[in-house]
Amino acid sequence: MITKELVIIGGGPAGMSAAVAAFDAGVRDLLIIERDVKLGGILRQCIHNGFGLHRFGEELSGPEYAYRYEKMVAEREIPVKLNTMVLDITSDKVITATNSTDGVFQIKAKAVILAMGCRERPRGALAISGTRPAGILTAGTAQKLVNMKGCMPGKNVVILGSGDIGLIMARRMTLEGAKVHAVCELMPYSGGLARNIEQCLHDFDIPLYLSTTVVGIEGKEHLEAVTVAQVDDKRRPIPGTFRRIECDTLLLSVGLIPENELTKQAGLTLSPVTNGAPVDQDRMTDIEGIYSCGNVLHVHDLVDYVPEEAAIAGKSAAAYIKGDYSPAEAIPVKTDGKVRYTVPQKLTTRDEARLFFRVANIFRNVRIFVKDGENEIFSLKKIKVAPGEMESITLKKEVMEKLSGGELYIGMEVGE
Ligand SMILES: Cc1cc2nc3c(=O)[nH]c(=O)nc-3n(C[C@H](O)[C@H](O)[C@H](O)COP(=O)(O)OP(=O)(O)OC[C@H]3O[C@@H](n4cnc5c(N)ncnc54)[C@H](O)[C@@H]3O)c2cc1C
């Protein structure tokens with residue numbers, strides 16, 4: 001069996017950044033495995049700009065951003081296997097993969113970094129009644145068709161879900177000559193970034209209907225119309241609010257699911273909130289030497305945080321490979337429900353820790369606090385927090401060094 005010190009599964013921004021960080025920390029026997037024909041991940045189809053402001057201080061398109069990392073991988077001559085699908089990982093880090101030249105092969109790795117990204121929730125997960133015509137696709141699939149294949153899926157469009165990909169596609173389809181009749185959102189707020197609502201909907205006069213969903217599909221061969229309805233606070237359609245919209249395309253932007261089939265095969269349990277494996281500050285999972293980063297760990301709305309997180313995993317994996325790994329007793333981080341989750345979910349070093357989190361609803365005038373037992377060790381006021389925007393707080397080293405060793409609790413007080 002082939003052996004490798006480090007195998008990185010997935011060649012998106014997370015996988016590439018993790019590989020570069022591991023290489024820069026001294027790992028030479030490493031391999032990136034990517035099932036697609038090129039490195040870059042989902043960014044290859046995101047041809048709009050707005051990427052890289054945090055990371056490079058420049059406004060780049062998705063492919064330009066990905067190319068920056070591709071170049072770093074190439075400059076270091078980090079080996080990559082493209083067109084190669086990882087089929088299985090065991091808890092003792094044996095990876096089974098396949099491609100058309102090597103057939104099925106196995107690699108025994110000292111450390112593995114999971115960077116498989118996420119996929120979109122499909123129609124099947126929604127239980128919308130009606131027929132099953134052509135013309136219903138995820139917003140990401142439409143993005144790939146339009147931006148990479150030069151092919152318009154339709155001309156009269158309704159979008160269900162106001163996550164960022166749906167908002168971006170509302171603008172994209174409009175720019176390509178389609179009429180976007182509406183973006184419908186089940187929740188009373190949008191799941192997308194405020195700037196995307198402004199730049200993708202308001203700037204193009206595309207209506208956003210909140211607390212509204214699609215309740216019916218019409219069409220035999222191809223989609224002919226959808227019925228939309230307002231929903232009550234229990235998300236049930238309200239009689240008398242049904243409205244038919246003629247359209248040939250329904251784009252779904254109803255959530256992303258981390259691609260964690262391999263993670264489960266390795267024997268890891270997933271967090272029911274993030275759908276990713278719980279990790280410590282090093283982004284190490286509950287299996288020593290297996291790390292997780294990027295969208296497979298938790299869904300990121302902005303790509304800029306992804307390479308930062310992945311670099312932590314890459315550097316930590318390098319330390320683990322060199323035998324430079326001695327975790328302190330784990331301190332679990334619990335949340336109050338208004339804060340839905342944190343990543344990392346536990347702290348195993350007393351170094352400075354940045355905790356990323358998402359909230360359960362739109363809250364205004366909030367105070368976010370962290371408690372070590374009864375002792376409040378951190379507090380931060382914010383005017384507004386929203387589920388669509390990832391937040392973070394940093395616990396300084398001097399705070400971390402004084403922790404009692406018991407559970408940490410992150411909560412939020414909401415003002416009037
Ligand atoms: C449709 C879509 C549109 C987006 N648009 C934006 C945007 O406009 N702006 C923004 O900031 N962010 C956007 N994002 C989010 C951003 O692109 C992600 O945060 C970022 O790409 C995540 O990087 P990643 O490396 O974790 O995942 P990805 O970029 O998804 O890369 C994962 C890689 O792993 C590979 N892989 C998966 N499973 C296997 C396997 N079993 N074997 C081998 N390879 C495998 C995949 O082929 C893929 O290349 C978008 C995300 C999606 C899904």
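Axes here are lines fitted to C-alpha atoms, for helices over the stretch in contact, and angles run from 0 to 180 degrees between N-to-C directions. With helices (H or I, at least four residues) and strands (E, at least two) taken as DSSP runs numbered from the N terminus, the axes of helix 1 and helix 8 (residues 305-321) come within 7 Å and cross at roughly 40 degrees. The model is predicted, and local features need pLDDT of at least 70, side-chain atom pairs count only at pLDDT 80 or more, while totals for chains, interfaces and linings use all residues. Residues are numbered from 1 along each chain as its sequence is written.

**Helix 1 and helix 8**

- Helix 1 and helix 8 are therefore oblique to each other, given that angles under 35 degrees count as roughly parallel, over 145 as roughly antiparallel, 65 to 115 as roughly perpendicular and the rest as oblique.
- The contact (C-beta atoms, placed from the backbone, within 7 Å) involves residues including Pro13, Ala14 and Ser17 of helix 1 and, among others, Val306, Pro307 and Lys315 of helix 8.
- By class, this contact of helix 1 with helix 8 has 14 nonpolar, two polar and one charged residues, where Ala, Val, Leu, Ile, Met, Phe, Trp, Tyr, Cys and Pro count as nonpolar, Asp, Glu, Lys and Arg as charged, and the others, Gly among them, as polar.

**Helix 4 and helix 5**

- The axes of helix 4 and helix 5 come within 9 Å and cross at roughly 40 degrees, and these two helices are therefore oblique to each other.
- Ala139, Gly140, Ala142, Gln143 and Val146 of helix 4 make the contact with Ile165, Gly166, Met169 and Arg172 of helix 5, a set that has five nonpolar, three polar and one charged residues.

**Domains**

- An automatic or database domain assignment supplies the bounds, dividing the protein chain into domain 1 (1-120 + 257-324), domain 2 (122-254) and domain 3 (328-416).
- The centres of domain 1 and domain 2, taken over C-alpha atoms, are separated by 31 Å, and their contact takes five residues from domain 1 and ten residues from domain 2.

Key:
Contact = placed C-beta atoms within 7 Å.
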